Amino acid sequence: MAQANKNQDRLFLGFDFSTQQIKVIAVTDAFEVVYDGHVQFDVDLPEFKTNGGVHIHPDHVTITTPTKMWVKAFDLLLSRMKASDFPFHKVVAVSGAGQQHGSVYWKKGARIQLANLSPDQNMFDQLKDSFSVDDSPVWMDSSTADQCLKLEKAVGGPQVLASITGSRSYVRFTGNQIMKISETKREAYDNTERISLVSSFAASLFIGDYAPIDHSDATGMNLLDIWTREWAPKCLEVCGPNLAEKLGPSVHSTKPVGKVSSYFVKKYGFNPECVVVAFVGDNPASLAGLAPEQGDVVVSLGTSDTVFLWLTKPTPGLSGHIFANPINQDDFMSLTCFKNGSLTRERIRDENSEGSWDKFSEMLKKTPPGNNGALGIYFDQMEIQPFAEGVYRFDGEGNKVDSFPPEVEVRAVIEGQFIARKVHAENVGFQLGPNTRVIATGGASNNQEILQVLADVFNSPVYVKEVPNSAALGCAMRAKHTLDGGKFSDIAQKAHPSVLVASPGPYSQVYSQLSVRYREFEKMIETQSQ
Ligand SMILES: Nc1ncnc2c1ncn2[C@@H]1O[C@H](COP(=O)(O)OP(=O)(O)O)[C@@H](O)[C@H]1O
Ligand SMILES: O=C(CO)[C@@H](O)[C@H](O)COP(=O)(O)O
């Protein structure tokens with residue numbers, strides 16, 4: 001953890017409330033990182049008994065996080081910063097990101113509690129009873145298939161919903177999650193005065209009031225009209241009574257939403273003038289942090305794997321999502337998300353490489369690109385695209401097999417995942433070409449051997465930023481942009497450059513053939529799952 005350099009005049013803070021942890025970085029005007037820290041839920045707050053930051057319920061499809069754990073983690077992170085003499089008084093602007101789609105249900109009366117936090121107590125003790133629903137449904141939840149059908153039917157079908165909100169109905173999208181709560185926990189729903197996303201919930205903690213939901217994260221709800229950036233009345237009507245009132249307003253991601261509350265001024269020594277800029281979804285925040293250029297595709301390898309692009313002219317369809325762009329009001333971003341990312345890679349590492357990334361990487365190096373035709377599909381959790389679960393292994397002849405030798409298994413999980421990322425990026429219209437650059441981010445982008453497979457499968461050079469936590473960095477950059485004005489591209493140029501870390505080998509033929517086979521296997525698995 002870096003220590004704060006006391007000679008810096010102005011600091012900007014960027015937070016990331018992600019699935020497994022809360023991360024923070026502090027940067028100067030010149031984007032020198034003077035502090036970075038995190039609180040990891042499973043390790044630092046074992047009393048909540050989370051696994052990868054979540055609780056998987058016995059039905060295997062309901063996946064939640066205790067809302068108050070996020071409050072306690074936030075307390076802990078700030079107290080660690082204070083213990084290291086972090087100069088809070090130098091922070092002029094703060095922003096942050098949250099895992100997308102997760103929702104928080106503030107109980108009636110919570111707004112008053114939020115506005116009157118005493119600096120003599122911690123936030124957790126004062127807010128632990130402020131939620132009408134204790135367990136927040138998060139992006140990994142896939143328990144709302146019925147609600148999804150209802151929403152699509154009500155608006156005139158999946159393509160109509162996609163044309164309005166940027167996506168057809170998805171089980172993790174917040175509108176469907178809200179509908180489930182309004183149907184199954186009606187009393188709690190009626191006792192809710194505000195529904196926040198994880199991002200706007202975190203901003204609310206900072207300003208001591210309900211912060212509006214930003215447009216980039218709101219487009220992950222199946223509730224916001226992507227063209228007008230207003231809540232879509234027909235969708236609200238289906239998802240819950242008085243929903244407009246419970247959601248409050250939405251704002252563009254670049255807007256300030258308030259100043260830090262007196263709790264932060266008195267308890268930590270923040271400057272009362274410190275501006276809080278709208279908190280956004282973690283993928284939109286990464287888009288800002290990585291500032292991709294024309295032709296770049298971002299591959300984020302975090303708890304989820306995501307593939308995204310900056311877009312100017314979207315055509316929403318039946319796969320992938322269109323979100324509002326967090327920087328330019330008139331622009332968009334496209335995103336495809338995969339649920340089985342790092343946690344699946346970790347399982348394969350634990351079962352085959354003694355829990356060591358170094359051993360895992362060694363095994364990757366020992367096996368040939370293409371894995372002699374062996375192909376694995378690992379959906380430990382119900383996948384998003386395709387909506388299917390289970391582990392499927394095929395040998396070089398296309399026969400289904402029960403197991404692979406450890407080295408083959410290690411390469412199969414990485415190749416299978418990256419072929420899927422490429423195939424689905426192509427399905428939503430992305431064309432890989434000679435000028436394509438892949439910008440990698442997220443926890444697994446620290447692994448050189450994994451990045452080499454990414455370069456080989458995408459047949460494109462792979463770049464990373466010096467600061468691996470692109471979402472938190474993007475938020476610190478966004479905070480500065482909102483405070484100082486000017487062009488975001490000027491800020492992006494000054495912030496950390498991308499560095500080439502892997503160039504593709506001569507395997508384009510191998511992976512085009514494997515991609516064709518992957519498409520066939522995936523189709524078969526999808527058909528079997530219906
Ligand atoms: N050297 C490594 N090789 C592969 N994966 C790694 C490595 N180091 C960390 N990770 C993965 O990074 C994941 C966390 O990624 P991160 O982007 O921080 O996730 P999130 O933002 O969702 O909390 C861990 O679950 C771990 O599997
Ligand atoms: O569901 C999505 C995006 O649509 C996920 O990408 C979440 O936003 C979780 O992010 P990480 O914690 O994996 O970064």
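Hi everyone, let's start with the record: UniProt, in an unreviewed entry, lists residues 298-480 as "domain: Carbohydrate kinase FGGY C-terminal". UniProt positions are in the numbering used here, feature names are shortened, and annotations may be inferred rather than shown by experiment. Over residues 298-480 the chain is 36% helix and 23% strand, with 23 Å between the end C-alpha atoms. Helices (H or I, at least four residues) and strands (E, at least two) are DSSP runs, numbered from the N terminus.

Please keep in mind that this is a predicted model, where local features need pLDDT of at least 70, side-chain atom pairs count only at pLDDT 80 or more, and totals for chains, interfaces and linings use all residues. Residues are numbered from 1 along each chain as its sequence is written, while chains are lettered from A and ligands numbered from 1 in the order in which they are written.

How confident is the predictor? The protein chain averages a pLDDT of 96, and 98% of the residues score at least 70; pLDDT is the predictor's confidence in each residue, from 0 to 100. The scores for the model are ipTM 0.98 and pTM 0.96. Residues 1-7 are where pLDDT stays under 50, and the model has 16 contacts for them beyond four places in sequence. A contact here means two residues whose C-beta atoms, placed from the backbone, lie within 7 Å.

The other domain record, also from an unreviewed UniProt entry, is "domain: Carbohydrate kinase FGGY N-terminal" at residues 12-289. That stretch, residues 12-289, is 39% helix and 22% strand, and its end C-alpha atoms are 14 Å apart.

Now to the sheets. One is an open sheet of seven strands with mixed pairing, in the order E17-E18-E16-E15-E22-E23-E24. Two strands pair if DSSP finds at least two bridges between them. At the edges are strand E17 (321-324) and strand E24 (498-502), each pairing on one side only. From one strand to the next, the twist averages 35 degrees. Axes are lines fitted to C-alpha atoms, for helices over the stretch in contact, and angles run from 0 to 180 degrees between N-to-C directions.

Within this sheet, strand E15 (residues 296-301) runs parallel to strand E22 (residues 437-441), joined by five bridges. Val-297 is found opposite Val-438 in E22. Packed on the sheet is H14, which touches E15, strand E16 (305-311), E17, E18, E22 and strand E23 (462-465), and its direction makes about 125 degrees with that of E15.

There is also an open sheet of three strands, antiparallel, in the order E19-E20-E21. E19 and strand E21 (400-401) are the edges; each has a single partner strand, so one side of each is left without a neighbour in the sheet. E20 and E21 are antiparallel partners over two bridges, and Arg-393 sits opposite Val-401 in E21. Helix H17 (residues 406-427) packs on this sheet, touching E19 and E20, at about 70 degrees to the direction of E19. Helix H21 (residues 508-529) packs on the sheet too, touching E19 and E20, with its direction about 40 degrees from that of E19.

On to the ligands. Which residues come nearest to ligand 1? Of the 16 around it, they are Ser-18, Gly-302, Thr-303, Gly-443 and Asn-447. A residue is near a molecule or strand if its C-beta atom, placed from the backbone, lies within 6 Å of it. Helix H15 (residues 342-352) gives the largest share of this shell, three residues.

Ligand 2 also has 16 residues around it, with Thr-19, Gln-100, Trp-139, Thr-303 and Ser-304 coming nearest.

Finally, some backbone details. Most residues other than glycine have a negative phi, and most peptide bonds are trans. The peptide bond from Gln-385 to Pro-386 is cis, with omega near 5 degrees; Pro-386 is in the loop between strand E19 (375-379) and strand E20 (390-394). Lys-49 has a positive phi, near 50 degrees, and lies in the loop between helix H1 (41-44) and strand E4 (55-56).
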